[in-house]
Amino acid sequence: METASIQFEPFAEDALLLRFDHRIDAAINARVHAAVATLQRDLPLLECVPAYASVLLRFDPLAWQDTNATDPHQSLEQAVRSALGAGETSPLLPREREIPVCYGGAHGPDLAEVAQHLGLPTGEVIARHVAAEYRVAMLGFAPGFPYLLGLDPTLAMPRRRDPRQRVPAGSVAIGGAQTGIYPDQLPGGWQLIGRTPLCLFDVTATPPSLLGAGDRVRFRIIDEEELQHLEAEQLA
Amino acid sequence: MSVTVLKPGLLSTLQDGGRSGHAAIGVGRAGAMDVPAWRLANALVGNRGGEAALECTLRGPTLRFERAAWIALTGAPIQAHVGAVALPPWTACRLPAGGVLQLGGMAIGCRSYLAVRGGFDVPPVLGSRSSDLHARLGHEAGRALQAGDVLPIGHAGELRGPDATQSLHASCWGLDPQPWFDFALAPITLLHGSHWSQLDEASQQRLHGARFSIGTDSNRTASRLDGQPLQLRAPLELISEAALPGTMQLPPSGQPIVLMAEAPVTGGYPRIGQVAAVDLPRLAQRRPGDAVCFRHGSLDDAITRLAAREQALGALLKNLAQRLQQDGCIDG
């Protein structure tokens, strides 16, 4: 991986930020995930926190301070440059996840409004939402909440002027040019177009989050009956 | 062995060192706001370290101990009574079975820690017993204590004092709260953040020197700083990047906020500073209305001071463990 264009920025005593760019873009985000895979494999780090176009590395500053008491952030930067510059940086194929979604009705209370705003029939909104392949750019906002890149640009839709106090768990939503899934009942301002019966975050599961940064995601249309069936299966 | 909550206090939560390593799935650190105070509270009762303690905010809870227990209070000086007897802070005290510990207000500071020998033994979630109020992780889905809650206490040998037969007993020695509870108004060290250079010149000067006061809507997620607003040279369109406890953000209002223990894992506001980790406990002890000011510090200096603090704290924790052994308080 070419490393000359990466900005390295000391963030805190135990944290170094690598910035690849300043834009939300699928190709840039893919570089972030490739870098995370390499760095987690090759370097003794405490934590890697990927975002759209950057990754935060948390490390033990004493371990990265050599006998000459060099700046630990500089030592780590050198190690990162050589690890990323060494060539193959994407050893792992992204995981693929299929998310069943029941669109519209009580599960997607904003679908009709979204369709009206976009000037499309609701069926067309669903068709375009389900046709795209998405990638988890990062998780944040709440445990297990995926920010998905890949939304058909014709489906971009401003957030609601009045955010909801309680968005039901599993709600699939559009916020600006992105789509996401609420893992839990949360306050939120995105437009709700459907709901998945899958549990996105469970502290007793390993791993606790169904989705990881970098995963590929596809949606699949299900009807009310299948939603209830899958929900019952999860409870069993 | 358990403790029953009779009155919950203003905001009382179980906290330990927090959850590390889960930021990539959207789980923040949480944990004690004043980490050295939490560690010292555990050490005073001979805990091994890492046990969950109760973090009390401004006004503490009233608790009934179902069995005799050793406790210690650190952090902000908090009123503490069993019946008419006042308990000394930063000192191990033995409560009798059925003893009711009434914690009151704090004259200064914002957060006190109540450690109990054996630790509050609720089930860990993702490696920590810390309550995360927003992510709803931890004891009772991360909520603050409520009246009627029953908190289990872990097993640990009895701490023996020379007169441990007395029903209520305070150890004959305690810790000097200085420098661990430091309420001097010395400025808090601030490292440059990514967007510091984007502040206009007057705002740069104000940030390093002007007085701010802690906003009333401050909490475990963020300390809000009220003062003359800061301004950017030009508006910035930013995309979300990682955030950490100590990160100072500038929202459109111009009133900076410092993310604290329950910092979200990412944020999209301009990042104008990072509070030096060594000074974060001092900021955590500032309550709404308290004054606070900042001075610029270098990263090198912050790392050096943090290492020195960790060394001093490590030495003190070791001394405490030795002292408890010498006193015959715990088996060798």
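How many residues of chain B are in contact with chain A, and how many of chain A are in contact with chain B? The count is 29 residues of chain B and 36 residues of chain A. In contact means that the C-beta atoms of two residues, placed from the backbone, lie within 7 Å.

Some ground rules. This is a predicted model, where local features need pLDDT of at least 70, side-chain atom pairs count only at pLDDT 80 or more, and totals for chains, interfaces and linings use all residues. Residues are numbered from 1 along each chain as its sequence is written, while chains are lettered from A and ligands numbered from 1 in the order in which they are written.

Back to the side of chain B that touches chain A. At least two residues each come from β16 (241–242) and α4 (299–326) of chain B. The most come from α4(B), with six residues. Those labels are DSSP runs, numbered from the N terminus: helices are H or I with at least four residues, strands are E with at least two. By class, this side of chain B has 19 nonpolar, eight polar and two charged residues. Nonpolar covers Ala, Val, Leu, Ile, Met, Phe, Trp, Tyr, Cys and Pro; charged covers Asp, Glu, Lys and Arg; the others, Gly among them, are polar.

Now chain A by itself. It is divided into domain 1 (7–85) and domain 2 (96–235). Those bounds come from an automatic or database domain assignment. The domain centres, taken over C-alpha atoms, are separated by 31 Å. Six residues of domain 1 are in contact with seven residues of domain 2 of chain A. On the domain 1 side, α1(A) gives the most, with three residues. That side has four nonpolar, two polar and no charged residues.

Let's look at α1(A). This helix has 17 residues, 26–42, and should span 24 Å at 1.5 Å a residue. The rule is 1.5 Å times one less than the number of residues. Its end C-alpha atoms are 24 Å apart, so the two agree. Which residues of α1(A) are buried? They are N29(A), R31(A), V32(A), H33(A), A35(A), V36(A), T38(A) and L39(A). Buried means 20 or more other C-beta atoms within 10 Å of the residue's own; exposed means 12 or fewer; partly exposed is in between, with C-beta atoms placed from the backbone. The cover over these buried residues includes β2 (15–19), β3 (47–50) and α2 (72–85) of chain A.

Next, two cis peptide bonds. In chain A, one joins T206(A) and P207(A), with omega about -5°. P207(A) is in the loop between β12 (191–195) and β13 (216–221) of chain A. In chain B, the bond from Q178(B) to P179(B) is cis, with omega near 0°.

F141(A), which is not a glycine, has phi near 70°. Is F141(A) buried or exposed? F141(A) is buried, because 21 other C-beta atoms lie within 10 Å. A141(B) also has a positive phi, near 55°. A141(B) counts as exposed, because there are 12 C-beta neighbours inside 10 Å.

Last stop: β15 (222–226) of chain B. Four of its five residues are buried. Two bridges join β14 (212–214) of chain B to β15(B), and the strands run antiparallel. One bridge links I214(B) with L225(B). Three bridges pair β15(B) with β18 (257–259) of chain B, again antiparallel. Strands pair if DSSP finds at least two bridges between them. In β18(B), L259(B) is the bridge partner of A222(B).
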